[in-house]
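This briefing goes through one structure by topic. Keep the sequence and the 3D view open while reading.

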Amino acid sequence: MKSLKQIWAALLLLLLGAGSVPAYAALAIIVHPSNNMAGITAEETANIYLAKVGVFSNGQRAVPVDQTENSPARKRFYSAVIKKDDSALKVYWSKLLFTGKAQPPDEIGDDAAVKKWVATNPDAIGYVDGKFVDSSVKVLLIIP
Amino acid sequence: MRKRILGLLCLGLAWHALPAAAAGGLEGVSVSGFLTAGATYGDKQLLPDTKAVSQDGTIENTPGFTADSRLGLQISAKVNPDISVTGQLLAKAREDNSNVKADWAFVSYRVNDPISIRAGKIKFPTFLISDYYEVGYAYPWIRPPQEVYSSNPITTLNGVDMLARFRLGDMSLLVQPYYGVSRGAQALVPQEAVTAPTAFGGLGLPAGTIVYTDFTADALHGINLSLSSDIFTIRAGSLRTKVNAPGFGVFQDTAKFSSVGATMDWHNVVLYSEAFKREIEGLANVAFPNQKGSYATLGYRIGKWLPHFTTARIADNDNPTTGFHGIPLEQTSKTLGLRYEVSSGAALKFEAQKVTPEDGTRGLLIAPPSGTAAKDPGSNVMIYGISLDVVF
């Protein structure tokens, strides 16, 4: 009886989730709840992360933060949103960093650390695995 | 006792704080650096009494591990979201006593999103990669083409610059004016001036002697305009200054540079090209004649490998034919290079360069003094190089 219930539940999940549940968890671009942006494009996000702009399109200062190197969310974010490989990115930042023009985003930690950081910093923007999202942060974009 | 405990506690704290700060762990403080370890070899001994092949002595007719080697360390601290302080120390193996100098030391103030103002010691962009010339990892060659990059011995200024960045659709325009003075710069005295008899205004030293002279530059001002997209950067710049070299009686002589350049990284094609003109008035022209130069580099990325080819030239830029004036250096060179990404943040480079002095001059190479023999080293000189470039 119990097992039948489980099967039904699984079927229901499958139906509900069909097409929307990806093979791996979605990535969420998050900001502080006070940020009045309704959404953000991947392109604008990339411009902020590459220090091409220092503000959101609403004029508010944007301070991007990174997860630590080798975190799955970071790998996913850089391949899906930034679209530069590691070496190209290192060359890109070398030119800006060592000429005092810009600094790469600070590394804050894992998903939980980034969520906590964004929840407490009004200008912050970060990315976390979708399952870490809660009401302490605002989601501007989902990368499926 | 309490004092001692307190002292120990402080020491303990410092002990723990230092590595944390060094790892960028201290909030607002970041430490980063770059390193180049390189060896070069010139295939010909050009003068009987010296192994030096290039007139700046960095390339010798003996394998040397010092010529291109250097280490840079940068510390940046955020005072608040709008103000930061940055210092960059540079140690070059080339300099005998391996002295460490501050290459950059400035305060940056962000006026608003597109505009920042920096004050202090700043490397200014005479050319495309002038301000990151020491960061080998950031460009394909071992040495940026010397036919262009050796032409301005002034690389830093004490003063201010402004970085104004504007978005133009998918592109970004950088407008960077700068103003300041240069103190403590050293310039290579050309071989003609070194070897020419004292009666003719030269130093009368043996051929192959390498002499640097101290000089200063006043009212150094210029502008750098750079338009870039994800694929390309196009830039133009000009600068003007008044130079003084007390050792040579040079006082307030006007020096002017203008340059254009472009770089592209599209699919697997990598392209760099620049051209410049230098005009120097007065007595300073004897040591720094009017020159022009250019280069073009084409590369094609194949996975982790980037083979590239460069052709470069330095030539006479219509020097005056009367009065005091120097002899322009003329040479062409062709360079075959290969860059290999060892890992993210580390690249290994190999180069073979064929240098051909032209028009009866010795180009950027060392040669016997004028009058006694042809200045032309006679034929091509091959320069081989290998380097490892790292950023951390």
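Helices (H or I, at least four residues) and strands (E, at least two) are DSSP runs, numbered from the N terminus. On that basis, chain A has 5 helices and 5 strands. The model is predicted. Chain B has 4 helices and 16 strands.

**Chain A: make-up and confidence**

- Along the sequence, the elements of chain A run α-β-α-β-α-α-β-α-β-β.
- Chain A holds 144 residues, and 27% of them are buried.
- Take the contacts in chain A between residues at least 6 apart in sequence: 70% of these join residues at least 24 apart.
- The mean pLDDT of chain A is 87. A value of 70 or more is reached by 83% of its residues.
- Residues 12–23 of chain A have a pLDDT below 50. Beyond near neighbours in sequence, that stretch has 1 contact in the model.

**Chain B: make-up**

- Chain B has 392 residues, of which 41% count as buried.
- Among its contacts with a separation of 6 or more, residues 24 or more positions apart account for 58%.

**Where the chains meet**

- In the contact between the chains, 16 residues of chain A meet 25 residues of chain B.
- The chain A side divides into 5 nonpolar, 6 polar and 5 charged residues.
- Helix α4 of chain A covers residues 86–97. Its buried residues are A:K90, A:V91, A:W93, A:S94 and A:L97.
- The expected span uses one less than the number of residues.

**Nonpolar cores**

- The largest nonpolar core has 49 residues. Which of them touch the most other members? They are B:V135, B:Y137, B:V243 and B:A284.
- B:V135 touches residues of both chains: A:S94 and A:F98, plus B:F34 and B:V391. This leaves out residues up to four places away in sequence.
- A second, separate core has 19 residues. Among them are A:I48, A:A62, A:A73 and A:V114.

**Antiparallel strands in chain B**

- Strand β12 (residues 291–300) of chain B pairs with strand β13 (residues 305–316) of chain B in the antiparallel sense, over 9 bridges.
- Within this pairing, B:Y295 has B:A312 in β13(B) as its bridge partner.
- The hairpin of β12(B) and β13(B) has 4 residues between the strands. There, B:G303 takes a positive phi near 60°.
- β13(B) also pairs with strand β14 (residues 331–343) of chain B. This pairing is antiparallel too, over 10 bridges.
- B:T310 has B:T335 in β14(B) as its bridge partner.

- Most residues other than glycine have a negative phi.
- B:Q252 is not a glycine, yet its phi is positive, about 55°. The residue sits in strand β10 (residues 250–266) of chain B.
- Is B:Q252 buried or partly exposed? It is partly exposed, because 13 other C-beta atoms lie within 10 Å.
- B:D318, also not a glycine, has a positive phi near 50°. Its place is the loop between β13 and β14 of chain B.
- B:D318 counts as exposed because it has 11 C-beta neighbours inside 10 Å. The cut-off for exposed is 12 or fewer.

- B:E351 lies in strand β15 (residues 346–357) of chain B.
- Why does B:E351 count as buried? It has 22 C-beta neighbours inside 10 Å, and the cut-off is 20 or more.
- B:E351 touches B:W141, B:I142, B:T335, B:G337, B:Y384 and B:G385, leaving aside residues up to four places away in sequence.
- One of these, B:T335, is the bridge partner of B:T310.
- B:E351 and B:Q176 are 175 residues apart in sequence. From C-alpha to C-alpha they are 33 Å apart in space.

Notes: Residues numbered from 1 in each chain as written. Chains lettered and ligands numbered in written order. Predicted model: local features only at pLDDT ≥ 70, side-chain atom pairs only at ≥ 80, totals over all residues. Core = buried A, V, L, I, M, F, W, Y, C linked by C-beta atoms within 7 Å. Contact = placed C-beta atoms within 7 Å. Expected span 1.5 Å × (residues − 1). Nonpolar A, V, L, I, M, F, W, Y, C, P; charged D, E, K, R; others polar. Pairing = 2+ DSSP bridges. pLDDT = per-residue confidence, 0-100.
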